[in-house]
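I am opening a notebook on this structure. The entries below record what I looked up, strand by strand and residue by residue.

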Amino acid sequence: MVSLICTLQDHRDEVYWCAFSPTLLATCSGDKTIRIYNTNDFSELPFSPLSGHRYGVHCCSFSVCGTYLFTCSTDALTIIWSMATGASDGTLALWDFHSKKLRKSKAVTEATVMACCFTPCGQMFVTGCTSGDIKVWDLDMKQLYAERDAHDMGVACCHFAPQFDIDFSSVEFRLASCGQDSQLKVWIVSQHGAAACEMKLLHTLTGQSAPVLSCAFSSDGELLVSGSVDKTVTVYNASDGVLLHTLKRHESFVTACAFSPTLPWMATGSMDKKVNVWRIADRDIGQGAGRKLSGHSRLLVSDWSEEDVLAWLSEEGLEELVTTFTTNNIDGPELLCLTKETLASELSIESVGLRGKVLRKVEALKAELTGLDAPDEFLCPITREVMKDPVIAADGYSYEREAIESWISAKNRSSPMTNLPLPTTLVMPNRSLKTAIGRWTATQ
């Protein structure tokens, strides 16, 4: 289930893009502004809106660490410099972030470059243009591969899944692309050795009836969302391409969509000047892989919403209690505190057998929580121990600070996860992950 949390209506013109960091939501618009919201309550921050552009702002994106926000506009400016930007003159500019200098610029097509995104490792990127071609490039701007006519009438957006597979000298990435042909496509982009690269079509998804303008993978790579000219938002299982939901709460073209990297939320922006924020139920997030517990895989039971509890009831064969729990607003903390007395007196469950069944299920849930191993994302990839001071390296992965600094000081300039060169040895604190680990540790 996908439920609407809130609708943000602060922009005075069409919304072009939206992006999440671990703690913030950024949106940009034809009204020349970028608005920044706190994801705790989606209140706008005091310094918002940002108004450094002279014309409409077409794209915004956070750095992996969430510290920097990059925006680009029709005014030909990139503010807080982006590593890769495209242009209507058919050129591509590659910037060095730390020196803020233009690293390389090249005419890559006679058409307009509409889309550009990096692989998770940061060593390659793809471009999509109005001619319909998708091209793969390395950091020296050498073309590695070209998929001609990937989308008839032009590519509108592309996005890499955060996860990738490594097999000896081969690396495989999943790429989503969408375009004017009303199709959303999922590709496997493979790099073999130093130069050989190829693209293979995995899925063609046709859940929308008009041009598809935006697409994005969830942070775990299990879900894929797209927005269309037909005013709908579609959510797919990214593994098998099964359509899970079609959302119809926008009044005009859906131009932007994004997933939160840390929370079960999704944002969509539209030419109706609105940004909708959605909550995604765990049973959708778990469509592509098994899980041990109900509730969002990144949330403790104590953080479950009422909707998560209702989903748990259904999965445990307690559907008859859905109405009772809904009426009494039972969320995760309330669920864990249920007793025989509260079930009988406050929830008015008369059946002794049913009360006993509920308590047994709750006790089993508590036992499963107590015996649960640390989530894999809490473990340092180097030490395989729960992290105390997690930091994000240039490869996008989080490590224990001492472990990754020791790795780098030993003159290992390659990623421990991908074995590809690290573009920088700088690391940034991952405060949201540190908070999540602290909360999990407190329950053990």
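I began with strand E20 (residues 223-228), which is mostly covered, as 6 of its 6 residues are buried. For burial I use a relative accessible area under 20%, with exposed over 50% and partly exposed in between (1.4 Å probe, protein chains only). Strands (E, at least two residues) and helices (H or I, at least four) are DSSP runs, numbered from the N terminus.

I note that this is a predicted model: local features need pLDDT of at least 70, side-chain atom pairs count only at pLDDT 80 or more, and totals for chains, interfaces and linings use all residues. Residues are numbered from 1 along each chain as its sequence is written, and side-chain values use heavy atoms, with hydrogens and water left out.

**Entry: the two sides of E20.** In a regular strand the side chains alternate between the two faces of the sheet. I found Leu223, Val225 and Gly227 pointing one way from E20, and Leu224, Ser226 and Ser228 pointing the other way, all of them buried.

**Entry: the neighbours of E20.** I looked up pairing next, which requires that DSSP finds at least two bridges between two strands. Strand E19 (residues 212-217) pairs with E20 in the antiparallel sense over 5 bridges, and Ala216 stands opposite Val225. The hairpin of E19 and E20 has 5 residues between the strands, and Gly221 in the turn has a positive phi of about 75 degrees. E20 also pairs with strand E21 (residues 233-237), antiparallel over 5 bridges. There I found Asn237 as the bridge partner of Leu223. The hairpin of E20 and E21 has 4 residues between the strands, with Lys231 at a positive phi near 75 degrees.

**Entry: Thr39.** Is Thr39 buried or exposed? Thr39 is buried, with a relative accessible area of 2%. Thr39 is in the loop between strand E4 (34-38) and strand E5 (57-62). Leaving out residues up to four places away in sequence, I list its contacts (heavy atoms within 4.5 Å) as Phe20, Pro22, Thr23, Leu24, Leu25, Leu263 and Trp265. A polar atom of the Thr39 side chain lies 2.9 Å from the backbone oxygen of Thr23.

**Entry: Asn276.** I found Asn276 in strand E25 (residues 275-280), where Asn276 counts as buried at 2% relative accessibility. Its side chain makes a polar contact of 2.8 Å with that of Thr7 and one of 3.4 Å with that of His250. A polar contact is a pair of N or O atoms within 3.5 Å; within protein, one must be able to donate a hydrogen and the other to accept it, and residues adjacent in sequence count only if both atoms are side-chain atoms.
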